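Hello,

Here is the structure for handover. My notes on it follow below.

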Amino acid sequence: MYQFAWSKEVLNYLKDNVGLVDKLELAFADLRKTADGIPAYGIVDPGVSPDHYLWIIHDHAILIRKGVEYGQPKLWIEVIRPISV
């Protein structure tokens, strides 16, 4: 199971957009349980770098960095941005 770390920017954005938190809560819970740290749904673009990927879900792009900290798999949620339609 993955642990999460949130950048201050992401936490502030989620605080200001409470409705989005409700939509993403289950998606992040599912992501935490994955074996490889890659979402099972939404659009995933692994082409950013070897340890970063974009997750596009609920009209937002989320930049995630995969890694390990103190032997524990961890996902750093670094950026979240709305996708302009």
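The side chains of His-52 and Asp-51 make a polar contact at 3.0 Å. A polar contact here is a pair of N or O atoms within 3.5 Å; within protein, one must be able to donate a hydrogen and the other to accept it, and residues adjacent in sequence count only if both atoms are side-chain atoms. The side chain of His-52 also has a polar contact of 3.0 Å with that of Glu-78.

Before the rest, the basis of the values. This is a predicted model, in which local features need pLDDT of at least 70 and side-chain atom pairs count only at pLDDT 80 or more, while totals for chains, interfaces and linings use all residues. Residues are numbered from 1 along each chain as its sequence is written, and side-chain values use heavy atoms, with hydrogens and water left out.

His-52 belongs to strand β3, residues 52-57. Helices (H or I, at least four residues) and strands (E, at least two) are DSSP runs, numbered from the N terminus. His-52 counts as buried because its relative accessible area is 17%; buried means under 20%, exposed over 50%, and partly exposed in between (1.4 Å probe, protein chains only). Leaving aside residues up to four places away in sequence, His-52 touches Pro-46, Leu-63, Ile-64, Arg-65 and Glu-78, where contact means heavy atoms within 4.5 Å.

The other residue I looked at is Ile-83, in the segment after β5 (72-82). Ile-83 is partly exposed, at 37% relative accessibility.

On the chain as a whole: two helices and five strands are present, in the order β-α-α-β-β-β-β from the N terminus. The radius of gyration is 12 Å, which agrees with the value near 12 Å for a compact globule of 85 residues; the radius is taken over C-alpha atoms, and the globule rule is 2.2 Å times the number of residues to the power 0.38. Along the principal axes, the C-alpha atoms fill a box of roughly 35 × 25 × 20 Å. Of the 85 residues, 33% count as buried. Among contacts with a separation of 6 or more, 44% are between residues 24 or more positions apart.

Regards
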